[in-house]
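Here's a quick tour for someone meeting this structure for the first time. Have a look at it, then read on for the main points.

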Amino acid sequence: MQHAVILPILIPLIVGALLLLPPLQQSAQSRRWLSGVGIAVLLAVCGWNLSQSSDGVSQYYLLGNWPAPFGIVLLLDQISALFVALTAVLAAGAFIYSCAGEDERGAYFQSLLQFLLMGINGAFLTADLFNLFVFFEVLLISSYGLLLHGGGKLRTKAGLHYVLLNLLGSAIFLLALALLYGVTGSLNMQDIAVRITALSAQQLLLLKSAAALLLIVFGLKAAILPLHFWLPSAYAAASPAVAALFAVMTKIGVYCLLRVFHTLFAADASLLTDFIQPLLWWTGLLTLALAAIGVVAAQSLKRLVAYLVLLSVGTMVTVLSIGTVAAVAAVLYYSIHSTLIAAALFLLVDYLAQQRGTVADRLVSARPLANPVLIGSLFFLCAITVIGMPPLSGFVGKIWLLQAATESPQRIGLWFTLLGSSLLVLIALSRAGSTVFWRVSQQPALPAQASGRQLAAIVLLMLSSLLLVLLAAPVMQFCLDAALQLQANDVSGGQA
Amino acid sequence: MELLMAVVIGVLTMCGVMMILRARTFAVMLGLTMLSYAVNLFIFTSGGLTAGQGAVLGQTAQYTDPLPQALVLTAIVIGFAMTAFLVVLAIRARAELGNDHVDGAELKPAQSLPKKRGR
């Protein structure tokens, strides 16, 4: 099963292409079946890869069997296996939710979903910088299509900004790659890491500018402070299943910050600590603070959840900049939790907006919900998870983040901002919840158009969050091993 | 030759950035296209400039680095597809939002738009 490494890229590619064939264009049901089978197989493969990677040995997959620094290399280690598996779980949730009818509001939803998965998995698995660019483009063009899925003014407007910004990001990415290739003569990340040690002072200056450009690109993907403006409107405008899926897109930016910079500057860590990390620290902290303000100021639930995504990005980037193994491990655990719960919230918000008539998800008093107890309990559970109150996964994640910073001299700033933002989120969510569930008008409730599939998707995502607590010990151990492995790869960089 | 390339890339980037900063989708699109030309030339030069040499080993005494040529080909194809998508999206935005402003809002003298930002 040495080929299992590339299967998370191949399966969505094949399924997505099959979905475009004419016989399947006739019936939505058969498209759903095929897409569902594809995601189920993907989940199984990801489980297999996860168990394979847990022994701590990085698997390199040479495409076309070209020798290492010349051909394209895929790398399956614990971190990439973890993120690919997370994507698959998220895709399952979004897929089930979309089957309630959302996928038929525009063309080719299921195909685009599969191609997006292909791009995301490829971006997580590749160990080659230019290949990373190509997979970025694959996931971006699918995400453009998905963001516009269903049409409408708001989506077109948000989509235009999203597309323009990302095209600019791609141009900057290419500039960075050309600079890196010009200076080092390689595009394999671990090979570059070795070649960096032999550079002259002048070349090092060019390398630094390349690193700064890469920082801009990944910052745009992750939506770090000055580059975050596209996120709230894009996520709030997207249809719910798409928004849920996009919850992992910002994590790709954070993953690339981690993977690329840790690998590139493995042999010469001074570049990382003197140059990248202080920048990440300040921008991350500011993103965190700004996102908390955005959560309080949001006028609609979707926008509120979009700012929660931004908040998780700020948290992750800030803690990542501490750079210790414990910090990286805590970020990994937190990223699983925050992705799943943000997706669950996006779906839940859409689910309850359906029952509020024309008011939809705006935070004003409106008619009561048809089944307030069920939705209210789900909302309550999601809220305490996202705030980080016991007993759900948010609590474990946040405690670990706070703990990871105890050794760092910057801990006061982090603790203050993180706990302060949690308080603001607590206030905003209590206010939102009481507005939606308690401050209701006298109008009769709309008949419930409850769809079992939608509910199943929400519960699936929330259950995985519950599993994160029940299986906290093995998951945390896995995160710790993954962070250690990344550090070990750093030290042995380029030995592949 | 290096100087010429540097000047061309610089001028293209400058024009591209200027056009991107404009408020109309068509101008922004042109700007992005120019920027991608500049980027493509930049990738091309990243392997070093050599005149009159083959990219395949054994054809000429010296050889020019073939990898940037492969990279630039990929970048051109992707950039072309993305630009095509952007053109379609811009046309659709023009139809749905009623104008070609990148924010979809436009201040007309006769009409006040209290909630939307002007340019």
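Residues are numbered from 1 along each chain as its sequence is written, and chains are lettered from A and ligands numbered from 1 in the order in which they are written.

**How confident is the prediction?**

- The predictor gives the complex an ipTM of 0.88 and a pTM of 0.92.
- Among the elements of chain B, helix 1 (residues 2-20) of chain B has the highest confidence, at 94, and helix 3 of chain B the lowest, at a mean of 91.

**Chain B on its own**

- Chain B has 3 helices and 0 strands, so to speak an α-α-α pattern when read along the sequence.
- Of its 119 residues, 27% count as buried; a residue is buried if 20 or more other C-beta atoms, placed from the backbone, lie within 10 Å of its own, exposed if 12 or fewer, and partly exposed in between.
- Take the contacts in chain B with a separation of 6 or more: 45% of them come from residues 24 or more positions apart. Two residues are in contact if their C-beta atoms, placed from the backbone, lie within 7 Å.
- Helix 2 of chain B and helix 3 of chain B pack at an angle of about 175 degrees, with their axes 10 Å apart. Axes are lines fitted to C-alpha atoms, for helices over the stretch in contact, and angles run from 0 to 180 degrees between N-to-C directions.
- That makes helix 2 of chain B and helix 3 of chain B roughly antiparallel to each other; angles under 35 degrees count as roughly parallel, over 145 as roughly antiparallel, 65 to 115 as roughly perpendicular and the rest as oblique.
- The contact of helix 2 of chain B with helix 3 of chain B has 15 nonpolar, 6 polar and no charged residues. Nonpolar covers Ala, Val, Leu, Ile, Met, Phe, Trp, Tyr, Cys and Pro, charged covers Asp, Glu, Lys and Arg, and the others, Gly among them, are polar.

**Where the two chains meet**

- On chain B, 25 residues are in contact with 20 residues of chain A.
- Helix 2 (25-45) and helix 3 (67-97) of chain B are the elements that give two or more residues to that side of chain B.
- Helix 3 of chain B provides the largest share, 14 residues.
- By class, the side of chain B that touches chain A has 19 nonpolar, 4 polar and 2 charged residues.
- A:Lys157, in helix 7 (residues 153-184) of chain A, touches B:Ala93, B:Leu97 and B:Gly104, not counting residues up to four places away in sequence.
- Is A:Lys157 buried or exposed? A:Lys157 is buried, with 21 other C-beta atoms within 10 Å.

**Helices of chain A**

- Helix 5 (residues 109-125) of chain A has 17 residues and reaches 24 Å from its first C-alpha to its last, close to the 24 Å expected at 1.5 Å a residue. The expected span is 1.5 Å times one less than the number of residues.
- Helix 5 of chain A is mostly covered, with 17 of its 17 residues buried.
- Helix 8 (residues 189-196) and helix 12 (residues 249-264) of chain A pack at about 35 degrees, with their axes 8 Å apart.
- A:Pro474, in helix 20 (residues 472-491) of chain A, is exposed, with 10 other C-beta atoms within 10 Å.

- A:Ala223 has a phi near 65 degrees, a positive value in a residue other than glycine, and A:Ala223 is buried, with 26 other C-beta atoms within 10 Å.
- A:Ala360 also isn't a glycine, yet has a positive phi of about 55 degrees; A:Ala360 is partly exposed, with 16 other C-beta atoms within 10 Å.
- The peptide bond from A:Pro390 to A:Pro391 is cis, with omega near 10 degrees.

Methods. This is a predicted model: local features need pLDDT of at least 70, side-chain atom pairs count only at pLDDT 80 or more; totals for chains, interfaces and linings use all residues. Helices (H or I, at least four residues) and strands (E, at least two) are DSSP runs, numbered from the N terminus. pLDDT is the predictor's confidence in each residue, from 0 to 100.
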